[in-house]
Amino acid sequence: MDEQRGTEINDVAPTSLNHIIGQRSVVDQVRVGLDAAFEDGRRMDSALLVGPPGVGKSALARVIAAEMATDYHEVLGQSITSPGDLNAFLLAAREKSVCHVDEAHEMRKDFQTALYLAIDQRKLIIGGGKSIQSLPIADFTLLLSTTDEYCLLQPLRDRMRLVLRFEFYSDEELATVLKHRAKCLRWEVEDEVLPLIAMRSRGTPRLALRLLQSCYRVCRSLGETAITHEHLKRACSLEQINELGLGPTEQKYISILRDGPQRLNVIASLIGLPSRTVSQVTEPFLIRAGLITKDDQGKRMLTGAGYEHAQLDNIQLRSKTCLKHAQNVSKINRIRGPNASNGF
Ligand SMILES: Nc1ncnc2c1ncn2[C@@H]1O[C@H](COP(=O)(O)OP(=O)(O)OP(=O)(O)O)[C@@H](O)[C@H]1O
Ligand SMILES: [Mg+2]
């Protein structure tokens, strides 16, 4: 590593559409939107950016502003707490600005209504009674990012001309994101390390980049200059991340199911978390990875892949009953497919 190297993974970020790895359909839609805007000499159409956390919605919003060579304004949905906050955001925009409401689903419903009315009329109505005032607002591109589009009012959703749906990334795409980031930061990384980080990152660039930063920390703590497999192993052991990227809570979840199917509330008490947190935070990745499923009574159980994973983690099946259960589950999965979730 040389003296020019960066130390913080977020010191660099994509600045052009060509830097966005993967997300082909999103990138293609944006490219058409930008080309059309340039041809007509106008702003890009407004867009809804939908997808799970950490997959690049905010990164893309900034890239759109950079591609339009215009100013960029960003606000968090939950930080709009008064009409004044919304008005200030709308009045700061100039012609062709890119204005991004991140976590838009956190915006109060009355502000969502005020937002779409203001966009429709291209003006703000301020005050009341005799002191009512109408202020024009610029013709800007509105971008709304959300992990939960159905928490947005339909009239607001419907006014977004482009709907950009982000997918999880393949391991190869994540390895490419990591490679580019390491190169920009001038971090030296052994070839075998990036695909191994990608495998532990649940299809999410933010998690991949965070783990790369952890590897860098371990590497530098030893006074070394090139990130190696040993640094990755140490970083994973410090953060208790296993080879699939499961953290301590998910590993405990899997180990509970190793003894047979369980109800959500039992699993939650054994883990020590509210049931809602387990079903909304812990389970989604386990389901997506095909490690768990649900039986006809709503009990959670391991799939064949889940048992294999438990075994890989050197967790021994304790009794013949468990083994038999594992075989039964494999059989069920062969019939239903590993991701059959029966409406978790
Ligand atoms: N396709 C990509 N190519 C390169 N880097 C990416 C890509 N997608 C995301 N990143 C990087 O991953 C990190 C997380 O992305 P970002 O903050 O944009 O996610 P997000 O979808 O806005 O998450 P949240 O829903 O939590 O706001 C950032 O450092 C970003 O630069
Ligand atoms: Mg974001």
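This report walks through one predicted model, from the whole chain down to single residues.

Residues are numbered from 1 along each chain as its sequence is written, while chains are lettered from A and ligands numbered from 1 in the order in which they are written. In this predicted model, local features need pLDDT of at least 70, side-chain atom pairs count only at pLDDT 80 or more, and totals for chains, interfaces and linings use all residues.

## The chain as a whole

The chain has 14 helices and 11 strands. Both are DSSP runs, numbered from the N terminus: helices are H or I with at least four residues, and strands are E with at least two. The chain holds 344 residues, and 34% of them count as buried. A residue is buried if 20 or more other C-beta atoms lie within 10 Å of its own, exposed if 12 or fewer, and partly exposed in between, with C-beta atoms placed from the backbone.

Contacts tell us about the fold too. Two residues are in contact if their C-beta atoms, placed from the backbone, lie within 7 Å. Take the contacts between residues at least 6 apart in sequence: 71% of them join residues at least 24 apart.

## The parallel sheet

Strands of a sheet pair through backbone hydrogen bonds, either parallel or antiparallel. Here, two strands pair if DSSP finds at least two bridges between them. Five strands make an open sheet, in the order S2-S3-S6-S1-S7, and their pairing is parallel. Strand S2 (72-76) and strand S7 (162-165) are at the edges; each has a single partner strand, so one side of each has no neighbour in the sheet. On average, neighbouring strands of this sheet are turned by 15° against each other, direction ignored. The angles are taken between axes, which are lines fitted to C-alpha atoms (for helices over the stretch in contact), and run from 0 to 180 degrees between N-to-C directions.

Strand S6 (residues 141-146) is joined to strand S3 (residues 98-102) by four bridges. His-100 has Leu-143 in S6 as its bridge partner. Strand S1 (residues 47-50) also pairs with S6 in the parallel sense, over four bridges. There, Leu-48 has Leu-144 as its bridge partner in S6.

How many of the six residues of S6 are buried? Six of six are, so S6 is mostly covered. In a regular strand the side chains alternate between the two faces of the sheet. In S6, Thr-141, Leu-143 and Ser-145 point one way, and Leu-142, Leu-144 and Thr-146 point the other way.

Arg-165 is partly exposed, with 13 C-beta neighbours inside 10 Å. Leaving out residues up to four places away in sequence, Arg-165 touches Val-26, Val-50 and Gly-51.

## A hairpin

Strand S4 (residues 123-126) and strand S5 (residues 133-136) pair in the antiparallel sense over four bridges. Lys-123 has Pro-136 in S5 as its bridge partner. Six residues lie between the strands of this hairpin, and Gly-127 takes a positive phi near 85°.

Lys-96 lies in the loop between helix H3 (83-92) and S3. Its phi is near 70°, a positive value in a residue other than glycine. Lys-96 is partly exposed, with 19 other C-beta atoms within 10 Å.

Glu-103 lies in the loop between S3 and helix H4 (109-121). Phi of Glu-103 is near 50°, again a positive value in a residue other than glycine. Is Glu-103 buried or exposed? Glu-103 counts as buried, with 20 C-beta neighbours inside 10 Å.

Gln-112 lies in helix H4 and is buried, with 23 other C-beta atoms within 10 Å. Gln-112 touches Met-107, Leu-152, Leu-153 and Leu-156, not counting residues up to four places away in sequence. The table gives two pairs.

| Pair | Residues apart in sequence | C-alpha to C-alpha distance |
|---|---|---|
| Gln-112 and Leu-153 | 41 residues | 6.9 Å |
| Arg-165 and Val-50 | 115 residues | 4.9 Å |

## Around ligand 1

Ligand 1 has 22 residues around it, and Gly-56, Lys-57, Ser-58, Ala-59 and Pro-205 come nearest. A residue is near a molecule or strand if its C-beta atom, placed from the backbone, lies within 6 Å of it. Helix H2 (57-68) and helix H8 (205-221) are the elements that give two or more residues to this shell. Domain 1 (23-165) and domain 2 (171-239) each supply at least three residues; the domain bounds come from an automatic or database domain assignment.
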